[in-house]
Amino acid sequence: MKFPGSVLVSLVLFAAETATALCLSGAYRAAGDRMWQWLTLLFALLPCVLVQLSLVFIHRDVSRDRPLVLLLHLLQLGPLVRCVEVFYIYFHAGRVEEPYVSITKKRQMPKDGYSEEIEKEVGQAEGKLCTHRSAFSRASVIQAFLGSAPQLTLQLYICVLQQEITAARSIFMVLSLLSIVYGALRCNILAIKIKYDDYDISVKPAAYLCIFMWRSFEIATRVTVLVLFSSVLQIWTLPVVLVNFFGFFFYPWILFWQSKSPFPENIEKALSRVGTTIVLCLLTFLYAGINMFCWSAVQVKLNDPDLINKSQNWYCLTVYYILRFIENAFLLLMWYIYKTDIYLYVCAPLLVLQLLIGYCMAVLFMLVFYQFCHPCKKLFSSSISEGLLSCFKFLCFICKPSKSTTPTNKAGVKSENTDEVQSSSKTIDSQNGNPHQSVSSNA
């Protein structure tokens, strides 16, 4: 049975970040910065509440008689209780013979074009651990992009305005960045396991390293660009954020309405139509929060039973990174034009170059992951190099201007002139007695 290390990492990041946020909000209160205090508390408590709701929803605690667990969730101690339960199950597994086991069938990765199907017995303890891992993975994604990402942006913005990086604030920003990167990593692994549920998947350390580097560069540069832009053009920050957020929020709903599919009813039997709508809105809310800062490995598809798109669409990936690179470059250009005196001792061209190179490094590690380290790369219909090549050809075809009729007319005039010249030359040759013409006539 696999050691539940992911559960422990999620709990440590959750507890450390929450405790540091409370301490830092107390420091802001002592310094008289009420606005920074309340914003820090908001970005710390909102994801805590959503994490408790997700854990309760996945484990179906409302329909079970567990009042103590529900009380601990209300006290924001749900992750701690779940972690204790996980390790209790792990260390007591195998001591008592289980009354029954379930048999799962998984297919191995294709070797030489063949894929074997293997059967595996899964006991009750292992099934419960799998449920806990899945719940903590989803909780880590919620904590990362609805709490840590806004928190990191806020604290870096405060550092820029105050031109000071304190020890508590730097520790908090490091924890927030680690939480975001870990949440993005879990999002990638969840997407792989959901898309290729029929296969036995093992993720190698090289894949984890590529994902970690890819997400670190992508998120760090994105947050820095947003902070730099908002520090000089505060009035335009809200429109940029709202356009990004609501664009990604309504995108799955627009695709759902265009498909004219029936409203999904199989999410949870105990939920009414209103409850299902709330769950779907929260899902698209999380999806928009992820895409605000990085590429979402999970593409929401509301008319699918699993609520995600299982096809590997290289076009969406290419368009996202092209548009995001253009947006980052534009925001950096605006910052460079309107930068204030607080950046007097900053080499602005070098900083812009470093941020753009950092985003390109993120794209590079992403390409390496999909081309060489993806655990299911053998199942791709086309590699990412072929997919990107076809995407660029398609984009070049769209951007290529349509041919006008003027060149055609010119070509027609040219051909007519050529015929006239040839006919006139023949006439002249016949008048001058061209020997070749007379030979051909004699023949």
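A salt bridge, as the term is used on this tour, is a side-chain nitrogen of Lys or Arg within 4 Å of a carboxyl oxygen of Asp or Glu. The model is predicted, so local features need pLDDT of at least 70 and side-chain atom pairs count only at pLDDT 80 or more, while totals for chains, interfaces and linings use all residues. Residues are numbered from 1 along each chain as its sequence is written, and side-chain values use heavy atoms, with hydrogens and water left out.

Begin by selecting arginine 215 and glutamate 218, which form a salt bridge whose closest N and O atoms are 3.2 Å apart. These two residues stand 3 residues apart in helix H7 (residues 205-232), and are therefore separated by about one helical turn; helices here are DSSP runs of H or I with at least four residues, numbered from the N terminus. Arginine 215 and glutamate 218 are each buried, a word that means under 20% relative accessible area, with exposed being over 50% and partly exposed in between (1.4 Å probe, protein chains only).

Next select arginine 324 and glutamate 327 in helix H10 (residues 314-338), where they lie 3 residues apart, about one turn of the helix. Their side chains meet in a salt bridge at 2.4 Å, N to O, and both residues are buried.

Move on to helix H4 (residues 78-92), where arginine 82 and glutamate 85 are 3 residues apart and so about one helical turn from each other. The salt bridge between their side chains spans 3.4 Å, N to O. Arginine 82 is buried, with a relative accessible area of 1%, whereas glutamate 85 is partly exposed, at 22%. Over the whole structure, a search finds 4 salt bridges.

Finally, select helix H1 (residues 5-31) together with helix H5 (residues 124-162), which pack at an angle of about 30 degrees with their axes 10 Å apart; the axes are lines fitted to C-alpha atoms over the stretch in contact, and angles run from 0 to 180 degrees between N-to-C directions. H1 and H5 are therefore roughly parallel to each other, a label for angles under 35 degrees. The contact (heavy atoms within 4.5 Å) includes Phe14, Leu24 and Tyr28 of H1, and Arg133, Phe136 and Ile158 of H5.

Notes
Angles under 35 degrees count as roughly parallel, over 145 as roughly antiparallel, 65 to 115 as roughly perpendicular and the rest as oblique.
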